[in-house]
Amino acid sequence: MNSPSRVIGFVNAGHFIDHYSMLIFAAAVIIMGPALGMAYSELLPYATPGFVAFGAGSLLTGWLGDRWSRRHMMLIFFVGIGLSMIAVGFVQTPVQLGAALLAIGIFASIYHPVGTAMIVSYADRLGREMGINGVWGNLGVASSALVTGVIGQYLGWRYAFIVPGVVTVLIGIAFALTIVHEDRKGSKQAAAQARVARQDMWRVILALLIVVIAISTTFNAVTVALPKLFAERLADLTKSPALLGVIAAGVYVFGAMTQYTIGRLLDRYSLKTVALPLSFMLAPFLYLAASLNNLPLILVSIGIVMGAFGQVTVNDAMVGKYTTEEWRSRAYAVRYFVGFTAAGASVGLVAWLYEQGGFVTMLHAFAALCLLAIAAALILPREIRTPQTV
């Protein structure tokens, strides 16, 4: 039987790769534009099909994970996304770029419904493992900005895709050799940790739907726009792509710490107790960021990523706690289909809002959207909960 810690280790690595691969372009586009003779607002929409596929593909991949094999789907994820990253490094035209980014999005759609379901199945403590898994995803986001900035500055933007692609394929080979079968008999059934009254279940579904749309759209918009925002607003501090990547990575580290902390709190307290105060973070910080530069902008950006990444951990735990093992991949598939489809639209929305009024207009718009997170937290019902020792 596979060691639960070993399985979770590979799944955590997959979360890192998933977010890393989807955000290479967001950091590389700053130097790709001049190389391809295209403006930022012209080049950015080529990522939209990939982000839409990131969400839409989860319906099929989640179904295959439940009905076929989560292990096989994760192997396809590692190898497929690695080869797709390598392919981006060899594109010659914008159409080829859009096709290669689409391939990344298709293979990236495997991870969340399949990998997250595997985490829940093997976890002893759902909140803790969700928090740690979230940290790995967040480190993928942070490392993408950092490593892409460094490789792009010294080796060129093509190698920023090729190098991580090769590493990912090698990890996929190690996964194939190490995790040779899938065992669901020992499922921890973490869903049994929390229940609500049957008549209140509609409130859980409504709250999840609202917060997933609001947070996923904002989360994606912020992670896509942050490198460009820092390049514009931190000009007094530095113009080095590598140093800007270091600053962005430092900001994301705070998001990683938040996810771990939120995960531990979810093992001790109800979802509503954790989600309600967290929901008040994003709107004011996004509104403030619209008018700030340099160090004040960095500090407020830390608040933004803490709020956004903390909310993602709450959302994932909510699905894990209220679904059974045989339906879990499909439940996550629906959650990520809604979230990532909305997030995919956010790429075009960022480009459009940026053209209308720069980052001031963009940040004000997403601040207004995040007011929905407060409404969602208020809608959540009380849990009928069995205390758990941590």
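Search the whole structure and you get 9 aromatic pairs, where a pair means rings of Phe, Tyr or Trp (its six-membered ring) with centres within 6.5 Å, called stacked when the planes are under 30 degrees apart, edge-to-face when over 60 and tilted for the rest. Take Tyr 252 and Phe 309: their ring centres sit 6.0 Å apart with the planes at 75 degrees, so this pair is edge-to-face. Tyr 252 belongs to helix 10 (residues 241–268) and Phe 309 to helix 13 (residues 294–322), so the pair ties together parts 57 residues apart in sequence. Helices here are DSSP runs of H or I with at least four residues, numbered from the N terminus.

A word on the ground rules: this is a predicted model, with local features needing pLDDT of at least 70 and side-chain atom pairs counting only at pLDDT 80 or more, while totals for chains, interfaces and linings use all residues. Residues are numbered from 1 along each chain as its sequence is written, and side-chain values use heavy atoms, leaving out hydrogens and water.

Back to that pair. Tyr 252 has 2% relative accessibility and counts as buried; Phe 309, at 3%, is buried too. Buried means under 20% relative accessible area, exposed over 50%, and partly exposed in between (1.4 Å probe, protein chains only). Elsewhere, ring pairs link Phe 10, Phe 77, Phe 78, Tyr 111 and Phe 175 into a cluster.

Now look at helix 11 (residues 271–279), where Leu 271, Val 274, Ala 275, Leu 278 and Ser 279 are buried. They span an arc of only 120 degrees around the axis, which puts them on the same side of helix 11; the arc is taken from the directions from the helix axis to the C-beta atoms.

Definitions and conventions:
Helices (H or I, at least four residues) and strands (E, at least two) are DSSP runs, numbered from the N terminus.
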